[in-house]
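User: I'm new to reading protein models and could use a guided tour. Could you take me through one feature by feature?

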Amino acid sequence: MTETSTTASGTGGISSEQQAVEQQLVETVIASFDKAEDPRLKQLMQSLTKHLHNFIREVRLTEDEWNKGIEFLTAAGHITDDKRQEFILLSDVLGASMQTIAVNNEAVKQTLDATEATVFGPFFTEDAPEIPIGGDIAGGAAGQPCWVEGTVKDTSGNPVPNARIEVWEADDDGFYDVQYTDGRVAGRAHLYSDEDGHYSFWGLTPTPYPIPHDGPVGKMLEAVGRSPVRASHLHFMVTAQNLRTLVTHIFVEGDPQIEIGDSVFGVKDSLIKTFDQQPAGTPTPDGRDLAAQAWARTRFDIVLAPAEA
Ligand SMILES: [Fe+2]
């Protein structure tokens, strides 16, 4: 079967007359998009039709299963609002988010290898406060303080000053601020790299948390025996002029969830970082007094690909 074929696989045992009826319908629907003025839209709709029909024919989808699918999508729509995005979760747990990222972020290996991208997730917000270099993103979110530092460079090794660095993460209980009921902003901020490309901030040592699993996506994961838990991580989005925007996370070396499996397939080896535990009383990099609290530190050197790559 060629890439452009519309013939369904897995139709063994189906009479040739039946296959012809099914095939005729696929071709009629594909042809219905022929007059689309936008060639890209035409390509997307015709390919979607081809693959959707292929799926239906391959699994011999029952009418009851079709109804269940419609009910599932309806429930996903009903639970979605400006804070909860069930369709992103669905895309994430199907690996569709990571596949889209892979397609759009081919590796760039020059003097320095561009930092790998990973899944965006549903918890970014546009309104995170600005903090100075060395500032604290916690905003009252509970968790172990964690000093994060690094540089932003391009793939030629030049420092990137004034890169906008958005960071966001869950608290110790596994919740993002948008999941709080009181509207507080916590565990997120943005800052800018200095003239040498350096940045640093206080965050929280990441802990594992489940993706929201009280909706249809959670029910699906349960039905197939999959865990909703994500490997511990800290989100980054880094933007700078003439460079490709990087959406990524860093993961915690030694987190058992990395071996068990990240529920959205986001882990890449290059993004697993050492988070060094510092006993209570260890002097902090900026002289901050953490009293009797243990803390952690990590380093994440970011390399941005050229915008056209
Ligand atoms: Fe996350």
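User: Let's begin with a loop. Where does Asn-162 lie?

Analyst: Asn-162 sits in the loop between β1 and β2. Keep in mind that this is a predicted model. The backbone angle phi of Asn-162 is positive, about 60°, although this residue is not a glycine.

User: And is Asn-162 buried or exposed?

Analyst: You decide that from relative accessibility, where exposed means over 50%. Asn-162 has 53%, so it counts as exposed. Ala-291 can be read in the same way: it is found in the loop between β10 and β11, and its phi is positive too, near 55°, in a residue other than glycine. At 60% relative accessibility, Ala-291 counts as exposed.

User: Okay, let's zoom out. How many helices and strands are in the chain?

Analyst: The chain has seven helices and 12 strands. Its C-alpha trace spans about 80 × 40 × 35 Å along the principal axes. Of the 309 residues, 42% are buried.

User: Which domains is the chain divided into?

Analyst: Domain 1 covers 3-61 and domain 2 covers 106-304. Going by C-alpha atoms, the centres of the two domains are 42 Å apart.

User: In which sense do β7 and β8 pair?

Analyst: Antiparallel, over six bridges.

User: What about strand β11? Which strands are joined to it?

Analyst: Strand β1 (residues 145-154) runs parallel to β11 (residues 295-299), with four bridges between them. Strand β10 (residues 276-278) runs antiparallel to β11, with three bridges. As for opposite residues, Glu-149 faces Arg-299 in β11, and Gln-277 faces Ala-296 in β11.

User: Now the metal. Which residues are the protein donors of the iron ion?

Analyst: The iron ion has Tyr-176 (OH), Tyr-209 (OH), His-233 (NE2) and His-235 (NE2) as protein donors, at 1.9 to 2.1 Å. Along the chain, these donors follow the spacing Y-x32-Y-x23-H-x1-H. Tyr-176 and His-235 are both buried.

User: Why is the site of the iron ion called irregular?

Analyst: The four donor atoms make angles of 91 to 166°. Tetrahedral would need all angles between 85 and 135 degrees, so the site of the iron ion does not count as tetrahedral. For comparison, ideal tetrahedral angles are 109.5 degrees.

User: How do I spot a core?

Analyst: The general idea is that nonpolar side chains tend to be buried together in soluble globular proteins. In this model, the largest nonpolar core has 37 residues, and Val-152, Tyr-199, Phe-201, Phe-236, Val-238 and Ile-302 touch the most other members. A second, separate core has nine residues, including Phe-123, Phe-124, Ala-170 and Met-237.

User: Which residues does Val-152 touch?

Analyst: Leaving out residues up to four places away in sequence, its contacts include Ile-165, Tyr-199, Val-238, Ile-302 and Leu-304.

User: Can we finish with a strand residue and a helix? Is Ser-200 buried or exposed?

Analyst: Ser-200 is found in strand β4 (residues 198-204), and at 10% relative accessibility it counts as buried. Among the residues Ser-200 touches are Trp-147, Val-148 and Leu-191.

User: Which residues of helix α6 are buried?

Analyst: In α6 (residues 216-223), the buried ones are Pro-216, Val-217, Gly-218 and Leu-221. What covers them includes α3 (63-79) and α4 (86-93). After α6 comes Gly-225, with a positive phi near 75°.

Key:
Residues numbered from 1 in each chain as written. Predicted model: local features only at pLDDT ≥ 70, side-chain atom pairs only at ≥ 80, totals over all residues. Heavy atoms only, no water. Domains from an automatic or database assignment. Donors = N, O, S within 2.8 Å, 3.2 Å for Na, K, Ca; no water. Tetrahedral: all angles 85-135°; square planar, octahedral: opposite > 155°, others 65-115°. Buried < 20%, exposed > 50% of the residue type's maximum accessible area, 1.4 Å probe, protein only. Pairing = 2+ DSSP bridges. Helix = DSSP H or I, 4+ residues; strand = E, 2+ residues; numbered from the N terminus. Core = buried A, V, L, I, M, F, W, Y, C linked by side-chain atoms within 4.5 Å. Contact = heavy atoms within 4.5 Å.
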